[in-house]
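Please consider the protein chain shown below together with its three-dimensional model. The account that follows is meant to be read with both in view.

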Amino acid sequence: MNPEQFTESLQQALQQAQQIAQTRRHQEIGVPHLFKFLTQPGELVRQIFSEAGADLDQLQTELDRELDDIAVVSGGNVQYGGSMSSSLATLMQAADAKRKALGDDYLATDTLALALMDQTGDQLTKYLNQQGITAGQVKNAVDRIRGVNGSRHVIRKISIKLWKSTASTWLNRRARGIKIQ
């Protein structure tokens, strides 16, 4: 898992999750910290869960309950939000594997939502399943959203390949002494 392959939105979400852990005086950043941010208004994962049929108010209540259940740590040498919990690390690794299987260049927040639904031991996954939200519903929601945004993704990939090809041609001509106009 290479942090350089995280989308900007995922990097921002991880920073916000760390801020939530620091504010709540939690030593580790966990799945509920990350999804507390990812399910805020305007976030893609919120849209995904909404399209999958989740009651977003109840989901926020569940996330708050999970966060409240985490022990508050105090002391002089405590670094709040200084490390990632094992469950979040497992989720991130699963999401990275899913990213590769999907053929994506970058790990995005929608891929985290997909990977979350495969984490059978996670409290949030159990809660979503109890509410009738399945991995299939989340995948369908992601596919619909990617269908809308997918054309931009394809255009971006083509643009990058075109730019690399043009740059390579220009550098080859320049190296051979061919004047470029």
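The paragraphs below move from the overall fold to the core, a pocket and several individual residues.

The model is a predicted one. Its chain contains eight helices and two strands. Followed along the sequence, these elements are arranged in the pattern α-β-α-α-α-β-α-α-α-α. The chain has 181 residues, and 35% of them count as buried. Its accessible surface amounts to about 10,600 Å², with 49% of that area belonging to carbon and sulfur atoms. When contacts between residues at least 6 apart in sequence are considered, 66% of them join residues at least 24 apart.

The largest nonpolar core comprises 41 residues, and the residues with the most contacts inside it are Leu34, Phe35, Phe49, Leu112, Leu128 and Val138. Two or more residues of this core come from each of the following elements: H1, helix H2 (31-38), helix H3 (44-51), helix H4 (56-68), helix H5 (86-102), helix H6 (109-116), helix H7 (123-130) and helix H8 (135-175). The element that gives the most to this core is H1, which supplies six residues.

The loop between helix H1 (8-23) and strand E1 (28-29) contains His26. Is His26 buried or exposed? With a relative accessible area of 1%, His26 lies under the 20% limit and therefore counts as buried. Apart from neighbours within four places in sequence, His26 is in contact with Ala21, His33, Leu67, Ile70, Ala71, Val72, Tyr80 and Gly81. With one of these residues, His33, the side chain of His26 also makes a polar contact through the side chain of His33, at 2.7 Å. Arg25 is found in the loop between H1 and E1 as well. Although Arg25 is not a glycine, its phi is positive, at about 60 degrees.

H2 gives the most to the lining of the second largest pocket, with three residues. Ile70 is also among the residues in contact with His26.

Thr7 and Leu107 are 100 residues apart in sequence, yet their C-alpha atoms are 5.9 Å apart in space. Neighbours within four places in sequence aside, Thr7 is in contact with Tyr106, Leu107, Ala108 and Thr109. The side chain of Thr7 is also joined to the side chain of Ser9 by a polar contact of 3.1 Å.

Glu51 belongs to helix H3. With a relative accessible area of 34%, which is between 20% and 50%, Glu51 is therefore classed as partly exposed. Not counting residues up to four places away in sequence, Glu51 touches Ala141, Arg144 and Ile145. The side chains of Glu51 and Arg144 are joined by a polar contact of 3.2 Å. Glu51 and Gln137 are 86 residues apart along the chain, and 8.2 Å separates their C-alpha atoms.

Gly53 lies in the loop between H3 and H4. Gly53 counts as exposed because its relative accessible area of 54% is over 50%. In sequence, Gly53 and Gly132 are 79 residues apart, while in space the distance between them is 8.1 Å, C-alpha to C-alpha.

Note on methods. Residues are numbered from 1 along each chain as its sequence is written. This is a predicted model: local features need pLDDT of at least 70, side-chain atom pairs count only at pLDDT 80 or more; totals for chains, interfaces and linings use all residues. Side-chain values use heavy atoms; hydrogens and water are left out. Helices (H or I, at least four residues) and strands (E, at least two) are DSSP runs, numbered from the N terminus. Buried means under 20% relative accessible area, exposed over 50%, partly exposed in between (1.4 Å probe, protein chains only). A polar contact is a pair of N or O atoms within 3.5 Å; within protein, one must be able to donate a hydrogen and the other to accept it, and residues adjacent in sequence count only if both atoms are side-chain atoms. Contact means heavy atoms within 4.5 Å. A nonpolar core is a set of buried Ala, Val, Leu, Ile, Met, Phe, Trp, Tyr and Cys residues joined through side-chain atoms within 4.5 Å. Accessible areas come from the Shrake-Rupley method with a 1.4 Å probe; for residues, only the protein chains shown count as cover.
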